[in-house]
Every structure is written in structure tokens, then in C-alpha cells.
Amino acid sequence: MEKPLDELVRLQGVGMVYQSSRDGERVEALAGIDFSVRRGEFLTVVGPSGCGKSTLLSLIAGFAAPTSGSVLFEGRPVDGPDPARGVMFQEYALFPWRTVAGNVEFGPFARGVDAATRRARAQTLIDLVGLKGFERRYPHELSGGMRQRCALARMLANEPTLWLMDEPLAAVDLQTRIILQDELLRLWGDARAGAQRPTVMFVTHGIDEAVLLADRILVLGRRPGRIKEVLEVDLPRPRAALRGSAEVARLTAHLWELIRDEAAQAIAEETQ
Ligand SMILES: Nc1ncnc2c1ncn2[C@@H]1O[C@H](COP(=O)(O)OP(=O)(O)OP(=O)(O)O)[C@@H](O)[C@H]1O
Ligand SMILES: [Mg+2]
């Protein structure tokens, strides 16, 4: 059997220029991105607002094609969305007309998985994310944290190799965020040493969150997004126990050093 590639995603000279259909104005969102995502790693992505983080995830998801360079997944060019690349975007809302179970079952349904199998799988995931008893509820009947749990279950229903997560916890309160961080780590396999873990790309504005979750942190600079730095986070797992520790605080301070000036510049430019 062919050995799986150690790099799951490869970006070669990736650039992205958006052109407005209204006035033709060009926005260069990404430029010259050369980077590989390692199989099984938890990669967090940080950088100032507008630096192209969501664009980067969209290109890997296959929602858009880069205007230069190439995006490879498992050695093959990405040419559209695929269930192997699951997405959980902040604005990627649940279907409001479907129940929790209906949302979680949607992916397998669309792929033609038979009803009994997809129901059983959905129930397992709903239990796993702590939504047991809410299967028949609609999104508007759930709290923000519960909606994010449902979105997580929906992403997992396709058993994706790669989890593309764009600020998935930004809209929930701090306590809920901490609980969901722990749940996410547990589902990923944080406590299972040597386990075959899924690969995660997780965009966040929370620099402490970026440190706590990550094996590596991809730091993007101000628009057009370029790679400013890649930080290895050499902290032991499981991570929940390290929350608030001196090691996490030290790395968080270092990361903040790296992005502070860029963030201030980005704000200044946005508000000009
Ligand atoms: N569909 C689009 N059409 C035109 N311009 C776009 C489009 N999507 C993004 N942009 C522009 O590309 C740049 C990068 O946007 P992107 O959403 O990737 O940034 P981001 O890093 O995710 O920002 P944030 O942290 O605020 O979410 C921005 O200047 C944005 O205005
Ligand atoms: Mg974004």
C-alpha cells in the first residue's frame, strides 16, 4: 500500500486577488504563500483582520481557486469542495429549517449514505458533542454554544481528514469557549498519545487560544497576507491542564510581540 504523505496540504506560491464586479477594484488578499500542513497536526492561524485568513481556508476548502500558485490536498490539486475537507466557519450558519439531527445528517444524506447508517452516526455525534435530548430542536431554539456544538457535529459527520475551522468559537462567551476548546481537543485526540489524529487548521483572533490548542502557529502579516512566522508549540498534551500556566503565558506574550504592530497598522488602515 502507498504510504500516506506526511504533508496533507501543500500551498505553492499561492496568491489571491479579488476583483469587485461592481467597480473593478482589486484587493490582493494573499501573496506568495508557500507552506505545508502536516498530517495530524493542530495548526492555528493568526494575523490581523483582513490579512487573508478566511481566504486561505476557502482556497483549501475549494470554495474558490487561487489567482496564482497551487493548492494541493493529498498531493492532488484542489478543484472544488470535498467531504474529506470539513468546514466549520463562524458565518457558515446551520440550516435554520432543519433540526439538530437534520443538520448533522445533511452531509451524509447529500453523499447518499443510507438512512439507518446516517441516523446512527448522527446520534453518536450528537451525544459526543453533548446535545443529547436536543435532536428535534431547531437552531433558533439553541444557545450560541449549542449551535457551535451542532456545527461541530455536522462537520464531523463526514469524517473529514482535515478540519477547516474559521473562528468557530468567536461568537460564544468566555466560559463556553473554554468548555468547547476542551471538547474540541478531546474529539481531536489531545489525550491519546501517538494516536492517528485528524488534521486541523483553526483560525482565531484569540492569541492565548492559538497557543493553547496548537502544535504550530501560522502567523500571517498584514494584507496582502504573507507568512510572517511559523511557531512550533512544544508543550506537552493534554493541554487543558496547561491553561493559565507560565509556559502558555510566555508563548502568548511572544506571539503578541509578533503581531502587535501589524494589528495596530491594520486597524489604522481600516479606519482611515
Ligand atoms: N469575496 C470577496 N470579494 C472581494 N474582496 C474580498 C472577498 N473576500 C475577502 N475579500 C478581501 O480580502 C481581504 C482578506 O479577507 P479575509 O476575509 O480573508 O481576511 P481575514 O484575515 O479572514 O479577516 P478577519 O480577521 O477580519 O476575518 C480583505 O481585504 C477583504 O476585504
Ligand atoms: Mg476571517
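Reader: Which residue in β10 is the bridge partner of Leu218?

Author: In this predicted model, Val230 of β10 is the bridge partner of Leu218. Helices (H or I, at least four residues) and strands (E, at least two) are DSSP runs, numbered from the N terminus. Residues are numbered from 1 along each chain as its sequence is written, and local features need pLDDT of at least 70. Side-chain values use heavy atoms, with hydrogens and water left out.

Reader: What makes β9 and β10 a pair?

Author: Strands pair if DSSP finds at least two bridges between them. Five bridges join β9 (residues 216–220) to β10 (residues 227–232), and the strands run antiparallel; the two therefore pair. A hairpin of six residues connects β9 to β10.

Reader: Why are α4 and α5 called roughly parallel?

Author: Angles under 35 degrees count as roughly parallel. The axes, lines fitted to C-alpha atoms over the stretch in contact with angles from 0 to 180 degrees between N-to-C directions, cross at roughly 15° and come within 11 Å for α4 (residues 144–156) and α5 (residues 174–188). The two helices are therefore roughly parallel to each other.

Reader: How do you know which residues of α4 meet α5?

Author: Contact means heavy atoms within 4.5 Å. Among the residues in contact are Leu152 and Leu156 of α4 and Leu180 and Leu184 of α5.

Reader: Why are α2 and α4 described as roughly parallel?

Author: The axes of α2 (residues 100–110) and α4 cross at roughly 30° and come within 7 Å. By the cut-off already stated, α2 and α4 are therefore roughly parallel. Val100, Asn103 and Val104 of α2 meet Cys150, Ala153 and Arg154 of α4.

Key
Chains lettered and ligands numbered in written order. Predicted model: local features only at pLDDT ≥ 70, side-chain atom pairs only at ≥ 80, totals over all residues. Parallel < 35°, antiparallel > 145°, perpendicular 65-115°, else oblique.
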